[in-house]
Amino acid sequence: MKTKLLLSAAGALLAATLASGSAAAAEKTKIDFWFGNSGDIAKRVQEQCDRFNQSQGDYEVVCTSQGSYDASLQNTIAAFRAGKQPTIAQVSDAGTLDIMLSGAFYPANQLMKDMGYDVNWSDYFSGISGYYATSKGEMYSFPFNSSTALFYWNKDAFAKIDKDHAPATWQEAAEDFKALKAAGYACPLGFDISNNEIWQYVEQFEAVNGEPIATRKNGFEGLDADLVFNKNPLLVSFIKDLKSWYDAGAAVIKNKATGQTFVEAFAAGDCQAILTSVGDHGNIGRTAKEGMNWGVAMLPTYGEAKRHSSFVGGASLWVLKGHSDAEYKAAAAFFNFLAKPEEALTWSTVTGYIPVRNSGYDYLVSQGFYEKAPYAGRELAIKSLTVSGADHSAAKGIRLGGLLQIRKEIANALQDIFANNKDVQASLDGAAERGNQLLARFAETYKGVALP
Amino acid sequence: MEKRVTFSTTAIGLLFAAPMLLLIFVFFYWPSAQALYWAFTLEQPWGGGNRWVGFSNFRQLLEDPIYWQSVTRSFVFGISSTAISMGMALILALLTDRELAGHRLYRSVFIWPYAIAAPALGLAFRFILAPEAGLLSVINRVWPDLWNPALDGKDAMIAVIIAFSWKYIGYNFIFFLSALQGIPRALIEAAAIDGAGPMRRIRDIQLPLLTPTLFFLLIINITESFQDSFGIVDVMTQGGPARATELMVYKIYFDGFKGLDYSGAAAQSILLMLLVILLTIFQFRFIERRVHYK
């Protein structure tokens, strides 16, 4: 008797839940989107979500910032393992390979085809799509916030040494730094060697000067890649130069531990040149000292090296497995919305990120976006990303397992060189050797999984 | 006859204990078992599969000289921060116990640092200890380049030790003070009447009676310094410069959460757990002999 009562009560409850569930579905399909940006950028992403939600009545995307790329990835993985994953997740460049090998996603190209959208994938800038595409050129995720490194220089300071343009090569830059030092500037070049900030000096340097970081096209062609950056003459020579500038006081380490980051130091007029992401362009524009004249340029090349495309940084959006068709429809509609040129304009205006598609870029140009003062110069990021053309044979990015750990090994080597005066070649060799152990470990973990 | 209230059957007793046992199982044994399992496999972070590799994760770690350096560093950190935080706390507690002016205020204020989350604490100390812009930058104005945790490994280690000790001084203080107040006043007064000065009374009466508390805090401090330091390290130095502050627990955090090397991090956790267990056994075996419980 008792059991019967209990059963019928449970049945009623179940029916009620189902009924309310289907009632909600009839109204709107809700999907979750988790991302890692924080602060101002997080607000901008939220605004973008709100615009999508207001633009139509069928779907609602709930956007939640997880605080940082790392935290977002960890939370997404934990949620996925518990079967509670969001429909859309942002994964940064460093986490791309792991998710690509996981099989935990619904490929972007497949999703859009299944949902009846015709996406022109070649509309993406080659430098951007190349970074996230498989070895066969298929797009498994949507490039979202994209950036690359630029050379920021203080025009007022350079005018004092009779220069009206940024250095095109590092040799020219060395002369400029020396002259700035002689002219009484305490920090001609501000830089940092903590693991989050060495990508400009190693990864982007190698990209721009056309040197490989690892074999197998920086890992794009297989998990059996080996690091070779330590054997590249230009990089080794450049690190030696950087150290000599540092010893001469022409380059100064600025980071949170010293009390001022190099970006803050540049904005305050304390450092006269830095390398940082185009994503900082808006921020520096807002925080720069009153009346300071500054500009951006593409990264200098080294010696006689021909200029190659720089690598794209940022993150892309992945659709995760395990959701219903209705939810995937909502996701596809959201991506379709993001692809609109008007969205690209708003996005690039409120953040420093660049448009990811040719159509978006053309729209920005037609609106005169790059002529206006606060935004002028950002077009150089696109130029820097596309300088090699679409079908160049050099690697279009870095696809290495444990990339954050490898960066840490390189950062430790640089810290040994700069703080402890260790030998440049020996330190870089050590970092490459330890990095290769990490790669071997990664390949072992994914033994039997083919790199798409 | 004495009346006792007992449960009539074991089952009822277990039933009362069940919620607690369940909590311990879910939050302690289950994750530990998972870590133990991962330590013997190579686990794909997204859960795509894992392979049994036996002791290979452990072998890789133990053959790595840099891993051993992080073990040594953890000992340096643990012993120095325990010495500083217990020493300072003991001095503060002895002074407060003497009922100097304001002791009522100190009694409640000194525990506060323990309530501050490690990252917030690290942030505060990063500002205080920054060589160019922090409060300590005055030192560099007088003696240029004397203090630079951003570039000097020793300075960086000192900085994280200070930050960590500061947090635990408050915790230790509370225990010391309550133990001191548990010492019968009559003993101290008798000693004073016999002509013993404050230092003599500390040495011959208070410290010997404090040994159970000293021993308890020693175990807690050593254990915590091996486990609770990653938040401070992450915010202040990220293990740098050039690995100078890469403690065992920070390496676990970085490899596991940033590098997504779950198995490597699990193996390191197991090694850390074994180390802490060994240390505790050692302390019970050799130091506890000198402790006088009543």
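With 19 C-beta neighbours inside 10 Å, B:Arg243 counts as partly exposed, a class that applies because the cut-off for a buried residue is 20 or more. This residue of the predicted model is found in the loop between H10 and H11 of chain B, and B:Arg243 has a positive phi of about 70° although it is not a glycine. The loop that runs between helix H10 (230-236) and helix H11 (248-258) of chain B also holds B:Pro241, and the peptide bond that joins B:Gly240 to B:Pro241 is cis, with omega at about -10°.

Chain B as a whole has a secondary structure of 12 helices and 2 strands. Read from the N terminus on, its elements follow the order α-β-β-α-α-α-α-α-α-α-α-α-α-α. The C-alpha trace of chain B spans about 75 × 75 × 35 Å along its principal axes, and 36% of the 294 residues of the chain count as buried. Among the contacts in chain B between residues at least 6 apart in sequence, those that join residues at least 24 apart make up 67%. The mean pLDDT of chain B is 89, with 98% of its residues at 70 or more, while the model scores ipTM 0.86 and pTM 0.88.

Chain A contains 19 helices and 11 strands. Its C-alpha atoms fill a box of roughly 95 × 50 × 45 Å along the principal axes, and its radius of gyration of 24 Å agrees with the value near 22 Å that a compact globule of 452 residues would have. Buried residues make up 51% of the 452 residues of chain A, and, of the contacts in this chain with a separation of 6 or more, 76% are between residues 24 or more positions apart.

The domain assignment divides chain A into domain 1 (24-146 + 313-371) and domain 2 (149-310 + 401-445). The centres of domain 1 and domain 2 of chain A, taken over C-alpha atoms, are separated by 29 Å, and 9 residues of domain 1 are in contact with 13 residues of domain 2. On the domain 1 side of this contact there are 4 nonpolar residues, 5 polar residues and no charged ones.

Strand E3 (residues 88-92) of chain A is largely enclosed by the rest of the structure, because 5 of its 5 residues are buried. In a regular strand the side chains alternate between the two faces of the sheet. In E3(A), A:Ile88, A:Gln90 and A:Ser92 point one way, whereas A:Ala89 and A:Val91 point the other way, and all are buried. E3(A) and strand E1 (residues 29-35) of chain A run parallel and are joined by 2 bridges, and A:Trp34 has A:Ala89 of E3(A) as its bridge partner. Strand E11 (residues 313-320) of chain A, in contrast, runs antiparallel to E3(A) and is joined to it by 5 bridges, with A:Val91 standing opposite A:Ser316 of E11(A).

Another strand of chain A, E10 (residues 294-297), contains A:Val296, which is buried, with 21 other C-beta atoms within 10 Å. When neighbours within four places in sequence are left aside, A:Val296 is in contact with A:Leu150, A:Phe151, A:Tyr152, A:His281, A:Gly377 and A:Leu380. A:Gly397 lies 101 residues from A:Val296 in sequence, and the two are 23 Å apart in space, C-alpha to C-alpha.

Between the two chains, 32 residues of chain A are in contact with 30 residues of chain B. On the side of chain A that touches chain B, helix H3 (69-81), helix H4 (96-102), helix H18 (403-420) and helix H19 (424-445) of chain A each supply at least two residues. H18(A) gives the most to this side, with 8 residues. By class, the side of chain A that touches chain B has 9 nonpolar, 15 polar and 8 charged residues.

Terms used
Residues are numbered from 1 along each chain as its sequence is written. Chains are lettered from A and ligands numbered from 1 in the order in which they are written. This is a predicted model: local features need pLDDT of at least 70, side-chain atom pairs count only at pLDDT 80 or more; totals for chains, interfaces and linings use all residues. Two residues are in contact if their C-beta atoms, placed from the backbone, lie within 7 Å. Helices (H or I, at least four residues) and strands (E, at least two) are DSSP runs, numbered from the N terminus. Ala, Val, Leu, Ile, Met, Phe, Trp, Tyr, Cys and Pro count as nonpolar, Asp, Glu, Lys and Arg as charged, and the others, Gly among them, as polar. pLDDT is the predictor's confidence in each residue, from 0 to 100. The radius of gyration is taken over C-alpha atoms; the globule rule is 2.2 Å times the number of residues to the power 0.38. A residue is buried if 20 or more other C-beta atoms lie within 10 Å of its own, exposed if 12 or fewer, and partly exposed in between; C-beta atoms are placed from the backbone. Two strands pair if DSSP finds at least two bridges between them. Domain bounds come from an automatic or database domain assignment.
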